[in-house]
Amino acid sequence: MILAAGRGMRMRPLTDAHPKPLLPVRGKPLLQWPMEALHAGGFTRLVVNSAWLGEQIDTFCEQWQASHPQAQLSVSREGLDFGYALETAGGIARALPLLGDAFWVLAGDVYAPGFVFTQEAVARFLGSGRLAHIWLVPNPPHNPRGDFGLSAEGLALNQAGERLTYSTIGLYRRELFEAPWCEVVPGNPQGTAEPLAPLLRRAMDAGRVSAELYTGPWTDVGTPERLEELNR
């Protein structure tokens, strides 16, 4: 599942007319980079959520699907269904009927061209019994305090003296978005907006989230300046 529903307020005025995941990065829409990387790894069932300027996301996804007939691309239209974005956990809960028992989740506005989505990573995750496995990156200048810790045993830590930044790339089990971990009803028919971090932190405190460090190129394309730097 690729998250593409946000308003992109920090990217204004660029996002007044275009959803942030469709802004061009090095010759193609930002959203296209992770879609191609997932497809190259053999992951051909993709879900994209949308809200802000969702009709543009629809058009892009229709064109991508037409050029990748062997893939199955679904759009979870939060804006059309509810008039607003459901945040990360709310959006995932909404899309659960389209997802399997384990699935990738990543943000459509993060540029990580060197990240490789592998079947081996999924197999290791399925055998681990964890609820999630996330990739952390060295702290960028805009997030110097980081988000989560990483233990020597490979567990993600809610409480840690030294923290790394969550890359937004992770493997998740459906179970994390069901009771008792998540209070949102699967399928989210009420349109509840729910952030992901509280779910992750509860699972970390229970020792159910593993993590690893990713040191390849990675950019949270969160401001016009970062976009300009990537395209320079």
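How much accessible surface does the protein have, and what share of that surface belongs to carbon and sulfur atoms? In this predicted model, the accessible surface comes to about 10700 Å², and 53% of that area belongs to carbon and sulfur atoms.

The fold comprises 7 helices and 13 strands, and the C-alpha trace extends over about 45 × 40 × 30 Å along its principal axes. Of the 232 residues, 51% are buried.

Side chains of opposite charge can pair when their charged atoms come close, and the structure holds 9 salt bridges.

One of these salt bridges joins the side chains of Asp-109 and Lys-20, with an N to O distance of 2.8 Å. Because Asp-109 lies in the loop between strand E6 (102-107) and strand E7 (110-111), whereas Lys-20 lies in the loop between strand E1 (2-3) and strand E2 (24-25), the pair ties together parts that are 89 residues apart in sequence. Both partners fall under the 20% limit that defines burial, so Asp-109, with a relative accessible area of 18%, is buried, and Lys-20, at 8%, is buried as well.

A further salt bridge is formed by the side chains of Arg-94 and Asp-81, at 3.1 Å from N to O. This pair links distant parts of the chain, with Arg-94 in helix H4 (residues 87-95) and Asp-81 in helix H3 (residues 78-82), 13 residues apart. Arg-94 counts as partly exposed at 23% relative accessibility, and Asp-81 is likewise partly exposed, with a relative accessible area of 40%.

The side chains of Arg-12 and Asp-16 also meet in a salt bridge, for which the N to O distance is 2.7 Å. Arg-12 is partly exposed at 42% relative accessibility, and Asp-16 is partly exposed at 33%. These two residues belong, together with Arg-7, to a network of salt bridges.

Methods:
Residues numbered from 1 in each chain as written. Predicted model: local features only at pLDDT ≥ 70, side-chain atom pairs only at ≥ 80, totals over all residues. Heavy atoms only, no water. Helix = DSSP H or I, 4+ residues; strand = E, 2+ residues; numbered from the N terminus. Buried < 20%, exposed > 50% of the residue type's maximum accessible area, 1.4 Å probe, protein only. Areas by Shrake-Rupley, 256 points an atom, 1.4 Å probe, with all protein chains shown as cover. Salt bridge = Lys/Arg side-chain N within 4 Å of Asp/Glu carboxyl O.
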